[in-house]
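Biologist: I've got this one open on my screen and I'd like to walk through it with you. Can you take my questions as they come?

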Amino acid sequence: MFDSLNISASALTAQRLRMDVVSSNIANAQTTRGSYVNGKWIPYQRKMVVMEPRVSSFSQVLQGQLQQQSQSGLQGVRVAGIVNDNTPFNRVYDPSNPDADSSGYVMMPNVDVSKEMVDLLSASRSYEENVTAFNTSKSMAMKALELGS
């Protein structure tokens, strides 16, 4: 009964983190000094959330089979990590910028705000869908409890 709630909760957590990372990318879309490496400033590098399905360990599957429990294999999603996007930085001509090189070009972050907005909308919709699924599962469980009394 709680499997569906756990699946929705894991998706909510993952989508929330995804929205946080997208927000960070948008906030740093103009940051030319993201990190200091080898005595040189490097622009902010776009970050992405990598998700993967939760999988049961071998012992959990074996335990379920020995106890004749149904193993649906559905256990939700988990965040595998946050990785940097390795696309090249954008080169913009702006000789008045203090970070401009000798020819007047500035290296800007590899963040495309319109792409980030699409990712944010996708994460937001997924979050809403999982809230709906969670509430539906919760109301079904409540109705089942009412039937028992």
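Biologist: Leaving aside neighbours within four places in sequence, which residues is Ala11 in contact with?

Modeller: First, a caveat: this is a predicted model, where local features need pLDDT of at least 70, side-chain atom pairs count only at pLDDT 80 or more, and totals for chains, interfaces and linings use all residues. Residues are numbered from 1 along each chain as its sequence is written, and side-chain values use heavy atoms, with hydrogens and water left out. Ala11 sits in helix 1 (residues 2-27), and contact means heavy atoms within 4.5 Å. Skipping the neighbours within four places, the partners of Ala11 are Val77 and Asn130.

Biologist: Is Ala11 buried or exposed?

Modeller: The cut-offs are under 20% relative accessible area for buried, over 50% for exposed and partly exposed in between, using a 1.4 Å probe and protein chains only. Ala11 has 11% relative accessibility, so it counts as buried.

Biologist: How far apart in space are Ala11 and Tyr127, C-alpha to C-alpha?

Modeller: In sequence, 116 residues separate Ala11 from Tyr127. In space, going from C-alpha to C-alpha, the gap is 7.4 Å.

Biologist: And what about Asn135 and Ser8, how far apart are they in space?

Modeller: Asn135 belongs to helix 3 and is partly exposed, at 38% relative accessible area. Asn135 and Ser8 are 127 residues apart in sequence, yet their C-alpha atoms are separated by 9.4 Å.

Biologist: Zooming out, what pattern does the protein chain follow along the sequence?

Modeller: Helices (H or I, at least four residues) and strands (E, at least two) are DSSP runs, numbered from the N terminus. By that count the protein chain has 3 helices and 6 strands. Read along the sequence, they give α-β-β-β-α-β-β-β-α.

Biologist: Why is the protein chain called more spread out than a compact globule?

Modeller: The radius of gyration is taken over C-alpha atoms, and the globule rule is 2.2 Å times the number of residues to the power 0.38. For 149 residues the rule gives 15 Å, and the protein chain is well over that, so it is more spread out than a compact globule, with a radius of gyration of 23 Å.

Biologist: What does the C-alpha trace span along its principal axes, and what share of the residues is buried?

Modeller: The trace spans about 75 × 35 × 20 Å along those axes. Of the 149 residues in the protein chain, the buried share is 22%.

Biologist: Which side chains of strand 6 point to the buried face?

Modeller: Strand 6 (residues 105-108) has side chains that alternate.

Biologist: What is the bridge partner of Arg91 in strand 6?

Modeller: Two strands pair if DSSP finds at least two bridges between them. Strand 5 (residues 90-93) and strand 6 run antiparallel, joined by 4 bridges. For Arg91, the partner in strand 6 is Met107.

Biologist: Last one: what is the phi of Asn38?

Modeller: Asn38 is in the loop between strand 1 (35-37) and strand 2 (40-42), and at 80% relative accessibility it counts as exposed. Although Asn38 is not a glycine, its phi is positive, at about 55 degrees.
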